[in-house]
Amino acid sequence: MYTQGLDQGDKETQASAGTPEQLAAFQERIDAEEKIEAKDWMPEAYRRTLIRQISQHAHSEVIGMQPEGNWLTRAPSLKRKAILLAKVQDEGGHGLYLYSAAETLGISRDQMVADLLSGKAKYSSIFNYPTVNWADIGAIGWLVDGAAIMNQIPLCRCSYGPYARAMVRVCKEESFHQRQGYELLLTLCRGSAEQKAMAQDALNRWWWPSLMMFGPNDSESKHSAQSMAWKIKRFSNDELRQKFVDVTVQQAEFLGISVPDPDLKLDKKTGHYTFGEIDWQEFIDVIAGNGPCNKQRLEKRQKAHSDGEWVREAAQAYASKQAARAAA
Amino acid sequence: MSKQEWPLYEVFIRSKSGLSHRHAGSIHATDDQMALDNARDTYTRRCEGVSLWVVRSDRIIASDPAETAAFFEPAEDKIYRHPTFYEIPDGVENL
Ligand SMILES: [Fe+2]
Ligand SMILES: [Fe+2]
């Protein structure tokens, strides 16, 4: 998802600090649906897993501002521009909620920012795809935010209190994101044939990358079992992906555009849609840094950060001067 | 990279008058005014509040979670502080 269970090679995960009694008591709290708070004792591996997941999630929100930000100056009306601006600003806000949740676990903000800028940290594969036409803005809201909602709603019940509370805040805002996207596409689909073709083209390009957002198949997802036991995760990647497909196909039908999957069909017995095989090689390539926009996204973030350096310096100089004056 | 970490502030929001301020999250800022501005932009984009408090995280004095049981123990055996401790016969009203 926004976190995608990346960076799975955390070798130390098994070497949790803590006595068997501590670990058992911790698991008991989790099983009783108690929330774990920042200063509570927790296994080192639990802490590390959360830092990785929450910081990746935060980075995804921040990098996720770029594909949409790309259309801010070209929105077709003042109304659409104001909506998009508010949406992109929300995503920045989500990044901030999440960074502060991660900080409660003992990692500094500067460290997380440094990891993102150096390319060490991962973020969701979805934001490495380009937004080539205006309909893409609709497709992102509908599909990308839609997929994010699927993942984030169960995260509101995550065992780690600060993460769960941040997700509650995020989820309240996501519904606007998804609806504005769908409405944008609906407007195009009710417009000229050319506009409808734009919507179809956007769906064609965003469908598969959106399904990849849920991460590898369960059989390939090494950390899932532990995350489920810790109640960081409530549903498996494949379960969430299936839910997403089930609700989204009907929405596409309403728009009158078709999901680009010849194998997609409703299984009357289960009531679920079966769908074609995801191109996992593409997923692996994008994660490895070779997606269409990886380089551009990272460079843009680095540039924004270094362009802001003088502002941060000035703010700090001002604060020190004020503090010195107050002390004098 | 700025040389020095900006201080962390905890943010509390009163959602409407009549209710207490409630912890919302935290933000970084170089000074108190910036902390208020950042808290507003980050936590009240949808009119979530009528009043904001920000306080530097390092100024908060907190109880120690490892000592929770001992710290709150004095209240535990004083069940007579609760109204349910007292048995009032049927027939007595408004009590
Ligand atoms: Fe978001
Ligand atoms: Fe969103």
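Biologist: Hi! How far apart are Glu91(A) and His94(A) in helix α4 of chain A?

Modeller: Hello! In this predicted model, they are three residues apart in helix α4 (residues 78-103), so about one helical turn separates them.

Biologist: And which protein donors does the iron ion (ligand 1) have?

Modeller: Both of those residues take part: Glu91(A) through OE and His94(A) through ND1, along with Glu61(A) (OE) and Glu174(A) (OE). They lie 2.1 to 2.6 Å from the iron ion (ligand 1). The spacing of the donor residues in sequence is E-x29-E-x2-H-x79-E.

Biologist: Why is the arrangement around that iron called irregular?

Modeller: Because the angles subtended by the four donor atoms run from 82 to 152°, and a tetrahedral label needs all angles between 85 and 135 degrees.

Biologist: What does Glu91(A) bridge?

Modeller: Glu91(A) bridges the iron ion (ligand 1) and the iron ion (ligand 2), with 3.3 Å between the two ions.

Biologist: Switching to the interface: how much area do chain B and chain A bury?

Modeller: About 2000 Å² between them, with 47% of it on carbon and sulfur atoms. Chain A brings 25 residues to the contact and chain B brings 19.

Biologist: Nice. How many salt bridges are there between the chains?

Modeller: Four. One of them joins the side chains of Glu173(A) and Arg45(B), at 2.9 Å from N to O.

Biologist: Which elements of chain B supply residues to the side that touches chain A?

Modeller: β2 (22-28) and α1 (32-43) each supply at least two. By class, that side of chain B has seven nonpolar, six polar and six charged residues.

Key: Residues numbered from 1 in each chain as written. Chains lettered and ligands numbered in written order. Predicted model: local features only at pLDDT ≥ 70, side-chain atom pairs only at ≥ 80, totals over all residues. Heavy atoms only, no water. Contact = heavy atoms within 4.5 Å. Buried area = accessible area lost by both parts, 1.4 Å probe. Helix = DSSP H or I, 4+ residues; strand = E, 2+ residues; numbered from the N terminus. Nonpolar A, V, L, I, M, F, W, Y, C, P; charged D, E, K, R; others polar. Donors = N, O, S within 2.8 Å, 3.2 Å for Na, K, Ca; no water. Tetrahedral: all angles 85-135°; square planar, octahedral: opposite > 155°, others 65-115°.
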